[in-house]
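Subject: Structure handover

Hello,

Here is the structure we talked about passing on. My notes follow below it.

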Amino acid sequence: MSDPLETRRTEARASDLARDLPQQIARAQALPGGGGLADVDAASVTDRAALARLPVLRKAALTEAQTSDPPLGGLTGPLSGFTHLFQSPGPIYEPGRIDGDWFRLGRFLRACGVGPGDIIQNCFGYHLTPAGMMFESAARAVGAVTIPAGTGQTELQARSAAHLGATAYAGTPDYLKVILEKADELGLNLSITKAGVSGGALFPSLREWYADRGIACRQCYATADLGNIAYESDAMEGMIVDEGVIVEIVTPGTGDPVPEGEVGEVLVTTLNPDYPLIRFATGDLSAVLPGQSPCGRTNMRIKGWMGRADQTAKVKGMFVRPEQVADLVARHPDVDRARVTISRHDDADVMSVALETGSPGDISSYEDSVREVLKLRAAVHVEAPGALPRDGKVIDDQRDYST
C-alpha cells in the first residue's frame, strides 16, 4: 500500500473534507450548468450533514442537461482540458483523461497487487465506451504494461496472453474463465495470477474457481461518470470507498441518509475538479459496512452492489416512481416510511401501500394522498415502527410475468 490517503485517521479525513468540499461546490457553481447549486452557500458545506441538505443530481437530469446544452450539459470546463470523450448507452456522454490516474482505478490495481513488471490483458471495451481507457489509465498509473485486447475473439485473446506473458487480467468477471478454458483447449499455458474485474456480478463460486487455478480475483465498483467508487482489498471484507469520492447511502427517491447497515441508494460526490458531480444518484443499492478494513485502509466500507434502486413500476398504465413514494411520506409528518407492493389477482394489477408510523392519523387522509400522489387507488394499511423491511425497497413489484 503506497497511498497515504488510504490510511488517514478519521480526524484527518474530516479536516480534509472540510477543506475540499466547499471548493468542489464552488467549482460546480462556477460552471455554466451550475449543478443545481445556485442558492447554496458553498463555504458552509464542510461535512456530510451539510452535504446531505443539497439537491440530488439524477442521471435523467444529466441527460436532459446534455440535450439542452451539448455535449456535456455545462458541467465541465472546456473540452480541450480532456484527452477523451466517451458515449455510454442512453446516449450519455462522459469526459476523461488518460493521464494522472484520472479515473482513480490505479488505487484498485495496487490493491490487486498489480504494478511494475505486470502485463495486463485489458479485456474491457475500447470502442466509444470508457471502460477500456479507464483501465488503460490505471495501468499507466501503477507502471504496468497493457495488452489492449478489448472484447471478443477469444482464441486470439488466449494466444496473446500466452505469447506475451500476461500476468494480470482486467475485464468482466466471467470472461476470464472463457479465456482460460479456451487456453486449456488449445494447450496453452497462461501466466495470469491476478485479476481486477468490474461490470458484472462476481459470484463466490467463480471467485473460488479462479482461486483454485492460482488467480487472486478482486472486484471494484466504478461508473463511467464517476470513475472508481469502491474496491476490494486482500481483506475481502466489503468494498473500501475510494479517497476521491464521498459516498452516501439514502432512501431511494430521496436524498435522506439511512442508518448505518441499512440498504439504500448510492449517491456519490466526486472531488475531481475537472468534473464536479455533486450528490450524483447512481441508481444502485448498497449499505455501509461498519468498522474499518483489517487491511489497514481506514475509509468507509460498503457491501458492494446490491441491486438497482430504480424500482419504477407501471401499474394500470401509470408509472409509480420512488420519488412519488418519498413525496407521499413527506405529506404526513407522522409517517416515517412507506412501501408500495404490486401484485396480480384475477389477471388484474393490485396495489397496496404500507405506512410505518408510531402515531397513526386518519386512514382516509392517507388514502387521499395516495390517490393524489400516485394517481392510483390502493389498499392502505398502517404498520408499527420497524415493521417494514430495511432492504432498500420502496416499491416491491411481485408480479410474475412468466406465467
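Helices (H or I, at least four residues) and strands (E, at least two) are DSSP runs, numbered from the N terminus. This is a predicted model: local features need pLDDT of at least 70, side-chain atom pairs count only at pLDDT 80 or more, and totals for chains, interfaces and linings use all residues. Residues are numbered from 1 along each chain as its sequence is written, and side-chain values use heavy atoms, with hydrogens and water left out.

Glu 94
Glu 94 sits in strand β2 (residues 92–96). Glu 94 is buried and has no salt bridge. Buried means under 20% relative accessible area, exposed over 50%, partly exposed in between (1.4 Å probe, protein chains only). A salt bridge needs a side-chain nitrogen of Lys or Arg within 4 Å of a carboxyl oxygen of Asp or Glu. The nearest side chain of opposite charge is Lys 59, 5.7 Å away. Lys and Arg count as positive, Asp and Glu as negative; His and the chain ends are not counted. What does the side chain of Glu 94 make a polar contact with? The partner is the side chain of Ser 88, at 2.9 Å. A polar contact is a pair of N or O atoms within 3.5 Å; within protein, one must be able to donate a hydrogen and the other to accept it, and residues adjacent in sequence count only if both atoms are side-chain atoms.

Domains
The assignment gives domain 1 (10–308) and domain 2 (313–397). These bounds come from an automatic or database domain assignment. Their centres, taken over C-alpha atoms, are 34 Å apart. Nine residues of domain 1 contact eight of domain 2, where contact means heavy atoms within 4.5 Å. Three salt bridges are counted between the two domains.

Backbone
Most residues other than glycine have a negative phi, and most peptide bonds are trans. Pro 70 and Pro 71 are joined by a cis peptide bond, with omega about 0 degrees. Pro 71 lies in the loop between α3 (59–68) and β1 (84–88). Arg 104 is not a glycine, yet has a positive phi of about 65 degrees. Arg 104 is in the loop between β2 and α4 (106–111). Arg 104 counts as buried because its relative accessible area is 11%. Gln 153 also has a positive phi, about 55 degrees. Its loop runs between β4 (145–147) and α6 (154–164). Gln 153 counts as exposed, at 60% relative accessibility.

Best wishes
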